[in-house]
Number of protein chains: 2
Amino acid sequence: MNKTIACKVIKVVEERSYACDELLVCEYSLTIFLNSKRLATLLCSPEKLKELTLGFLRTERLITSLKDILSFNIDEEKGIVEVETIDKDTSREIFYSKKVDLESIKGTITPKSSGTDNFLNEVNCEPVNSDICLDVNKIYDFMTEDLDYSEVFKTTGGVHCVALCDTEEIKVIAEDVARHNALDKVIGEALLKDIYLKDKIIILSGRVSLEMILKAAKLQIPVIISKSAPTSLSVALAKKVNITLVGFVRGNKMNIYSNQERINL
Amino acid sequence: MNKTIACKVIKVVEERSYACDELLVCEYSLTIFLNSKRLATLLCSPEKLKELTLGFLRTERLITSLKDILSFNIDEEKGIVEVETIDKDTSREIFYSKKVDLESIKGTITPKSSGTDNFLNEVNCEPVNSDICLDVNKIYDFMTEDLDYSEVFKTTGGVHCVALCDTEEIKVIAEDVARHNALDKVIGEALLKDIYLKDKIIILSGRVSLEMILKAAKLQIPVIISKSAPTSLSVALAKKVNITLVGFVRGNKMNIYSNQERINL
């Protein structure tokens, strides 16, 4: 499918205007059915749909490997994917109990409970345990490579890129209109290629949202590197689950927000 | 509450590094209880929390005006707001049926249905009917003003700004770590100030997501202006519901994607 679509626009320069064609980034709606029940509808970029579906199921903990899957059918024209798993217990109910991590984290909050700090205490992830060590110059290289990857980004400005690397090179890279989809695509492709995740690094073109740290924590990925700013809760969660968080990688500068021992200065 | 928080970081410049304090944008967790039932947890910037709650209830169509509210209590320390409405029918069930618009849009999709184009056909909003006309030079002014608004943005790079204007000036402006919260804050403040919405304009510092067009359509706001790129579905929805969508407002240039008759060139 096309990644971009031409759209008639009125281009205005100061007070002068003229009609022309402009490229828009394509947004596509993919509905996932798991064991014949509708699971979710993802608004995404129309490529790597198999990777996206597998990565979504993996980060939602509905599958752990390809062996869990009995059948897998994508109808790209209809925007529908049907997945059957061996263990039928991965029902919609289980999905909903795990779906919005923020919801499950906040499950115990009542008007009587004791505040926002509880938020982090409710996160139910094992601390990440990895002694990988990454050279600081590699970070500059990876970021340049990640940002250079996308032709779509360069022509439309509307997508996020995510790369998965080891300490030497980029292993998998994907882009999407939504940053969490781009991460799921990378995870799905890693699953297809049987890439071990617990010693890898994630590179983000965009901001670090709390959701990205949660996904990384669930998969025990030890390092996250972003071009942009993290929020206070992202940094707090990274510290809590022992993830190395690097942000604001621009030119020859960066900030290390947590667990700097994995960065070789 | 503070909008930013100091955080110890390791700053790296080339291969040199030193410890220093860096400002992070604060993220805060606000749980809304409606008629004693937990409705939602919003991750947001810790300001204009009353406006955020009211705007969220309004854009979710759980209230239509302040008259619908019987009592309203915020506990900022606990991150909890309790709202009681006169009509108790605004239950969690109704909320969930309307919560994720994308879900309700896709409610009728089955493996037998006929594809992504259905997506737009399922949107259940009245077309926006307004004959306001906005001067093109005002758009440049508004965008500069919107982007200049936020000290937090300038110091941390981590927030989105949204403004509500008439054809002459900015009426309400808000910022948040999440763009949909910034829009809800603006809507909530408009509700508090009894500002009529159906002849107003929304200015966004960030990208136009489909969700923003949906929120505007539900409130019948006729014009959306963004610094960044819209996606193909955003443009398609704007056209369908008769919203004027302007994007890529940078320097003295912009693109008009739909319904240009409301822009005075």
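This is a predicted model: local features need pLDDT of at least 70, side-chain atom pairs count only at pLDDT 80 or more; totals for chains, interfaces and linings use all residues.
Visitor: How does E3(A) pair with E4(A), parallel or antiparallel?
Guide: E3(A) and strand E4 (residues 37-44) of chain A run antiparallel and are joined by 7 bridges, and within that pairing A:Leu30 stands opposite A:Leu42 of E4(A).

Visitor: And what sits between those two strands?
Guide: The two form a hairpin with 2 residues between the strands, and in this hairpin A:Asn35 takes a positive phi near 50°.

Visitor: What about E6(A), in which sense does E3(A) pair with that one?
Guide: E3(A) pairs with strand E6 (residues 80-85) of chain A in the parallel sense, over 4 bridges. Along this pairing, A:Leu34 stands opposite A:Val83, while the bridge partner of A:Ile32 is A:Val81.

Visitor: How many residues of E3(A) are buried?
Guide: Strand E3 (residues 28-34) of chain A has 7 of its 7 residues buried, which leaves the strand mostly covered. The side pointing one way carries A:Tyr28, A:Leu30, A:Ile32 and A:Leu34, whereas A:Ser29, A:Thr31 and A:Phe33 point the other way, and all of them are buried.

Visitor: Over to chain B, then; what is the order in its sheet?
Guide: Chain B has an open sheet of 4 strands in the order E4-E3-E6-E5, with mixed pairing. Strand E4 (37-44) and strand E5 (69-75) of chain B are at the edges with a single partner strand each, so one side of each is left without a neighbour in the sheet. Neighbouring strands of this sheet are turned by 15° against each other on average, again ignoring direction.

Visitor: How many bridges join E3 to E4 in chain B?
Guide: Strand E3 (residues 28-34) of chain B is joined to E4(B) by 7 bridges, and the two run antiparallel; in E4(B), B:Lys37 is the bridge partner of B:Leu34.

Visitor: Switching to helices, why is H1(B) described as largely enclosed?
Guide: Of the 11 residues of helix H1 (residues 49-59) of chain B, 10 are buried, so the helix is largely enclosed by the rest of the structure. The buried residues include B:Leu49, B:Leu52, B:Phe56 and B:Leu57, and also the charged-type side chains B:Glu51 and B:Arg58. After H1(B) comes B:Arg61, whose phi is positive, near 60°.

Visitor: H8(B), is that mostly covered or mostly open?
Guide: Helix H8 (residues 210-219) of chain B is mostly covered, with 9 of its 10 residues buried; among them are B:Leu210, B:Met212, B:Ile213, B:Lys215 and B:Lys218. H8(B) is followed by B:Gln220, which has a positive phi near 60°.

Visitor: Back in chain A, at what angle do H7 and H8 pack?
Guide: Helix H7 (residues 179-192) of chain A packs against helix H8 (residues 210-219) of chain A at an angle of about 20°, and their axes are 10 Å apart. Angles under 35 degrees count as roughly parallel, which means that H7(A) is roughly parallel to H8(A). The crossing in which H7(A) passes H8(A) is right-handed.

Visitor: Which residues make that contact?
Guide: H7(A) contributes A:Arg179, A:His180, A:Leu183, A:Asp184 and A:Ile187, and H8(A) contributes A:Glu211, A:Met212, A:Lys215 and A:Leu219. By class, the contact residues of H7(A) with H8(A) divide into 4 nonpolar, 1 polar and 4 charged.

Visitor: Last one: A:Ile263, buried or exposed?
Guide: A:Ile263 has a relative accessible area of 5% and is buried, and its place is in strand E14 (residues 263-264) of chain A.

Visitor: And what is A:Ile263 in contact with?
Guide: Leaving aside neighbours within four places in sequence, A:Ile263 is in contact with A:Cys133, A:Leu134, A:Val136, A:Ile139, A:Thr244, A:Val246 and A:Ile256. By contrast, A:Leu24 lies 239 residues away along the chain, and the C-alpha atoms of A:Ile263 and A:Leu24 are separated by 38 Å.

Key: Residues are numbered from 1 along each chain as its sequence is written. Chains are lettered from A and ligands numbered from 1 in the order in which they are written. Side-chain values use heavy atoms; hydrogens and water are left out. Axes are lines fitted to C-alpha atoms, for helices over the stretch in contact, and angles run from 0 to 180 degrees between N-to-C directions. Angles under 35 degrees count as roughly parallel, over 145 as roughly antiparallel, 65 to 115 as roughly perpendicular and the rest as oblique. A crossing is left-handed if the near helix is turned anticlockwise from the far one by less than a right angle, and right-handed if clockwise. Contact means heavy atoms within 4.5 Å. Buried means under 20% relative accessible area, exposed over 50%, partly exposed in between (1.4 Å probe, protein chains only). Two strands pair if DSSP finds at least two bridges between them.
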